[in-house]
Each structure stands twice: as C-alpha cells, then as structure tokens.
Amino acid sequence: MSGAGKVVCVTGASGYIASWLVKLLLQRGYIVKATVRNLSDPNKVTHLKRLEGAKERLQLFEANLIEDGSFDSAVHGCEGVFHTASPALAAATATDPQVELIEPAVKGTLNVLKSCSKEPSVRRVVVTSSIVAVMFNRRPQGPDARVDETWFSDPVFCEEIKAWYCLSKTLAEEAAWKFSKENGIDLVVINPGYVIGPLLQPTLNTTSEEFVSLIKDKKLYPYYVFDDVRDVARAHILAFENPSASGRYILTGKARLPEEVLEVLQKLYPSLGLPKINTPGDPTFQVCNKRAQDLGIVFTPLEMSLKDMVESLKERNFLI
C-alpha cells in the first residue's frame with residue numbers, strides 16, 4: 001500500500017467522483033481527511049463511514065466553499081490535497097448562476113488553495129476540473145479537430161452562450177493556475193468528461209440524474225466524452241503519487257456520439273425499450289489521451305462502465 005501512513009485531504013468527499021477517490025485512497029493505506037458540507041446529513045457521510053478502512057483512517061470535517069479559512073483544519077498536516085468540491089447544478093436549474101455556480105466554484109477553489117498555501121506539509125494539490133474548461137471556445141471543431149491539454153475554454157464565449165456550468169469550471173481552473181503560480185503551489189489538474197459508472201453515494205448527482213432521464217424519459221443528452229468514475233478517481237491518485245506529473249490531464253478513451261452510447265445500452269439492456277437510432281456517424285472531434293495514458297491510466301471499456309452504472313442504479317431503485 002503505497003499510501004501507508006500518508007495523510008491527504010479530499011474536499012467535497014460525499015460527491016460521485018470524490019466518494020470513489022476516498023474509497024481508493026483508503027484501499028491504498030492513506031489516512032484521509034474528508035470534507036463535507038453537513039456532517040449531520042446521513043446522505044453525506046454514511047456511505048463514507050462504511051468504506052473499508054474508514055473506521056481506522058477516515059476523518060470527517062465540515063467545510064463551506066465560500067467561507068474563508070473553512071478548510072484550514074482539514075488540510076493541516078496533509079501531504080496532498082484533492083479538491084473535488086464544486087457546485088454541479090445543471091445550468092437550466094440555476095436561477096442565479098453567479099451565486100449558485102460561479103462564485104462557489106471560484107471562491108471555493110481559492111479558499112482551498114489559500115489553506116494549502118499556509119500549510120508547509122502540502123507538497124501537491126490535485127484539482128478536479130472538467131472537459132468543459134477545455135473545449136468551449138471558438139476553435140473549429142470537426143472530424144479532424146484534435147482536442148488536447150493546450151485547449152482552454154473562453155469565458156467570454158461561455159457567457160455568450162449562457163453555458164454557466166462551463167463558465168464556472170473555466171474560471172475556477174483559471175483562478176487555480178494563477179494562484180498556484182503566484183504562491184508556489186505544485187498543482188495538477190484533472191479534466192474528465194461526462195462521468196459514468198457505479199455510484200457509492202446514496203443520492204443521484206447531476207450526471208446520474210441525466211442518465212436516469214435517458215433511460216426513463218428517453219431523453220438523449222449531447223455528450224461526446226465519457227469517462228468511468230473509477231478511472232477518474234485513479235487518475236487523481238496517480239497525479240499525486242507520480243513525481244513527474246504536471247499540468248492538465250484530459251481523461252477519455254475516445255470521443256463518441258451519444259447515439260453510439262445509446263446503441264451499446266440497447267444491446268446490453270434490450271428490455272429498457274430505448275429509442276431506435278440511426279447508424280452513428282463520426283464524432284465532431286478527436287480527443288488526445290496520450291498524457292493520461294503516460295500517467296498510467298488504462299481506460300475501462302465503455303460497455304463495462306455502462307453496465308455497472310445501470311446495475312448500480314437498479315440496486316438503488318432509481319430506475320423504478
């Protein structure tokens with residue numbers, strides 16, 4: 001267990017990606033200091049307390065993204081900090097994007113980094129960003145376009161098209177790079193796409209809600225980059241443990257048309273009665289995943305990710 005005796009912090013630990021990150025860190029022997037918004041909410045903490053190794057090596061802290069100094073005690077004594085906490089509301093449900101999405105994403109990231117800058121034990125911070133902080137810009141996208149870590153979303157463009165979640169992630173990542181450079185923080189950023197796979201938390205997050213809507217309401221969402229939640233969690237750990245890790249890491253096996261994903265689901269679960277589709281064409285861009293592979297990521301097959309997610313949703317009665 002390469003993490004034996006090492007202390008790390010995970011912010012937003014009750015979330016979809018973060019719950020898996022805590023699980024894998026505990027499996028590797030780490031002592032995990034995990035933050036949640038409300039320690040008295042069983043939906044935030046019960047599934048974490050049940051993880052193997054949690055009784056001995058999991059410490060829970062209450063923290064608020066927009067409260068100055070809220071993360072000081074959680075990062076104290078930590079060697080690594082994984083900042084995953086960020087609001088993930090669907091843009092359509094946000095009545096005030098500035099207050100509900102942008103401010104907590106940006107200020108929360110800066111609050112965590114400020115806490116890290118005061119703690120000499122912290123040697124690296126890994127931040128969970130998103131593919132939406134990469135490719136929402138005016139660059140041409142077509143079958144020959146190759147999206148890689150040099151792409152950055154344009155905040156002005158995001159605002160023009162009212163892509164508020166994309167704007168929040170873009171501004172938060174920009175703020176993280178600026179603060180880290182100015183304060184000498186070793187920062188690595190993970191940029192996953194649409195995350196699928198089994199759930200550990202007892203409630204639906206935004207992406208799993210949309211997945212349930214696909215199955216129950218036959219509503220197809222226009223996503224192209226799909227990542228297994230376990231791959232995303234592993235990438236965070238590899239980004240911390242590998243001394244040569246640096247910069248950004250886009251995580252995806254390949255870009256896929258939504259119809260292609262639906263076709264796989266139809267083959268796996270014909271009884272779901274999903275709508276018929278036309279033969280998939282080519283995705284509107286390619287994604288370069290060389291950096292992720294060099295980091296050590298072996299991508300989970302799409303079929304396995306989809307099957308494990310459906311079975312997880314069935315187990316929790318979300319598909320009734």
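**Figure 1. Accessible surface and overall dimensions of the predicted model.** The accessible surface of the protein in this predicted model amounts to about 14,300 Å². Carbon and sulfur atoms supply 53% of that surface. The protein has 320 residues, and 54% of them count as buried. Its C-alpha trace spans about 55 × 40 × 40 Å along the principal axes. The radius of gyration is 19 Å, which agrees with the value near 20 Å that a compact globule of 320 residues would have. The fold contains 12 helices and 11 strands. Among contacts with a separation of 6 or more, 76% are between residues 24 or more positions apart.

**Figure 2. The buried side of helix 2.** Helix 2 runs over residues 42-49, and its buried residues are K44, V45, H47 and L48. These residues lie on the same side of helix 2 because they cover an arc of only 165° around the axis. An α-helix has 3.6 residues a turn, so residues three or four places apart point the same way.

**Figure 3. The start of helix 2.** Here a side-chain oxygen of D41 comes to within 2.9 Å of the backbone nitrogen of N43.

**Figure 4. Surroundings of T84.** T84 sits in the loop that links strand 4 (80-83) to helix 5 (97-117). Its relative accessibility is 14%, under the 20% limit, so T84 counts as buried. Leaving aside residues up to four places away in sequence, T84 touches T11, G12, A18, L21 and T128. With T11 there is also a polar contact: a polar atom of the T84 side chain lies 2.5 Å from the backbone oxygen of T11.

**Figure 5. K162, a residue with positive phi.** Most residues other than glycine have a negative phi. K162 is not a glycine, yet its phi is positive, at about 60°. K162 belongs to the loop between helix 6 (155-160) and helix 7 (164-183). Its relative accessibility of 54% is over the 50% limit, so K162 counts as exposed.

**Figure 6. N317, in the segment after helix 12.** Helix 12 covers residues 302-315, and N317 is found in the segment that comes after helix 12. The phi of N317 is near 65°, a positive value in a residue that is not glycine.

Conventions:
Residues numbered from 1 in each chain as written. Predicted model: local features only at pLDDT ≥ 70, side-chain atom pairs only at ≥ 80, totals over all residues. Heavy atoms only, no water. Buried < 20%, exposed > 50% of the residue type's maximum accessible area, 1.4 Å probe, protein only. Helix = DSSP H or I, 4+ residues; strand = E, 2+ residues; numbered from the N terminus. Arc of directions from axis to C-beta. Polar contact = N/O pair within 3.5 Å; in protein donor to acceptor, adjacent residues only side chain to side chain. Rg over C-alpha atoms; globule rule 2.2 N^0.38 Å. Contact = heavy atoms within 4.5 Å. Areas by Shrake-Rupley, 256 points an atom, 1.4 Å probe, with all protein chains shown as cover.
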